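Have the coordinates open as you read.

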Amino acid sequence: MSTDDLTQAVSERYARAAATGEQMCCPTGYDFADLRRFVPDEVLKISYGCGTPAGLNSVQPGETVLDIGSGGGIDCFEASRRVGPTGRVIGLDMTDQMLAIARRNAPLVAANLGYSASNVEFRKGMAETMPVEDGAIDLIISNCVINLAPDKRKVFREMHRVLRPGGRFTISDIVADQTVPQYLIHDREKWGNCLSGALPVCDYVGGLVEAGFLGVHQVKFVPWQVIDGVHFLSVTLTGYKLPQTDGRTDVRFATLRGPFSRAVDELGQVYQRGVPQAVSARTAQLLNAPPFDRLFLLSEAPVPLTQPDPRLIAILPAQAPCVWAGHFALFTGPFLEVCDDDQHRYYRGQPLEICSKTLAVLGHEAYAGRFTVINRAQNPVGGAEASCAPGGSCC
Ligand SMILES: C[S@@+](CC[C@H](N)C(=O)[O-])C[C@H]1O[C@@H](n2cnc3c(N)ncnc32)[C@H](O)[C@@H]1O
């Protein structure tokens, strides 16, 4: 199928959905009772997202927000409430039927919010060639759309172009734990249902970094479907378009607090836990952003951290036998690669098989949000205990 045919098929799919209001797609996590107070049912009925990118405290008052693939407008209207009357929201979609529903509900939502006029504008256009000026946007949101685009890298480049320096994105989308096979990719129905177009996590995040974003990391993940052993997951990711730096900064050193024993950031800087590392102004800027700010001690002079300093975090594995039960850990940022305290090296987006001991380690609060764990065992697993050398390194 050519790119144009695919786009046409997707648009027809969503035009049909807008007309029938059929149920489709994925787990979202909306508080519908709350949304019903100001968003008409006609919009809520055609909510086809896979997350809540406008509902995770990502949107700030007064901001200009762009929603890529806005559909019936559910996230634009949530963003409209959050930016307040001084902010602005642009919804972008390629399907006329979706735009018509969104546009006719915009004045109703504005009235329900007590605004004198709607602060939401819906534009017709493609995610790959957005009708949006350079550097005009503070925050990009998108909900279950980019997987539908045949050329995701083009979308990522456009996202980077329209964001202002210092801007950021929070997008929910469907991704896969591995490369989706060709026979699924060419299944038009599954593509339209937000499955076959899913990129492996490493390619999705890698594409965002290649487009110029930094600090790309997971905010939330929900398992969705497994088809022929391919795990499809809904993830919400955030990342930054950092502004140019003039080189002036008080931060000259960064000390990794943990829980990782070693980490490599997207600028190639290597950190060992507890060891102060001299950093550039650009790196200092990156490490000031969440979630890095919780993982590092930033200082003007070197600050080594040693046990039992409570600022140092190490999660040691239990001295117990391990059981292999089919679990794989997918590290989801904000680093390129990290090591734990049991000699595992995790590369972002690449599943690594882990035993019960490591599963328990990664379940620790200090690792919360850094990993997605899937189980690839298709049948119940016997799970005999394996012996580990005292001191670790069983896996
Ligand atoms: C799964 S729906 C999600 C709609 C909305 N974000 C929501 O959460 O309800 C996908 C939407 O993206 C639009 N879309 C898909 N591919 C697009 C593209 N390449 N450019 C612009 N819009 C696109 C479709 O028309 C459809 O309205």
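Which residue takes a positive phi just after α5? That's G114, with a phi of about 80°. Keep in mind that this is a predicted model.

Now back up into the helix itself. α5 covers residues 96–113, which makes 18 residues. From the first C-alpha to the last, α5 reaches 26 Å, close to the 26 Å expected at 1.5 Å a residue.

In general, an α-helix has 3.6 residues a turn, so residues three or four places apart point the same way.

Zooming out, here are some numbers for the protein as a whole.

| Property | Value |
|---|---|
| Helices | 12 helices |
| Strands | 20 strands |
| C-alpha box along the principal axes | roughly 65 × 55 × 40 Å |
| Residues that count as buried | 44% of 395 residues |

How does the radius of gyration fit in? A compact globule of 395 residues would come out near 21 Å, and the protein has 22 Å, which agrees. As for contacts with a separation of 6 or more, residues 24 or more positions apart account for 73% of them.

Key. Residues are numbered from 1 along each chain as its sequence is written. This is a predicted model: local features need pLDDT of at least 70, side-chain atom pairs count only at pLDDT 80 or more; totals for chains, interfaces and linings use all residues. Helices (H or I, at least four residues) and strands (E, at least two) are DSSP runs, numbered from the N terminus. The expected span of a helix is 1.5 Å times one less than its number of residues. The radius of gyration is taken over C-alpha atoms; the globule rule is 2.2 Å times the number of residues to the power 0.38. A residue is buried if 20 or more other C-beta atoms lie within 10 Å of its own, exposed if 12 or fewer, and partly exposed in between; C-beta atoms are placed from the backbone. Two residues are in contact if their C-beta atoms, placed from the backbone, lie within 7 Å.
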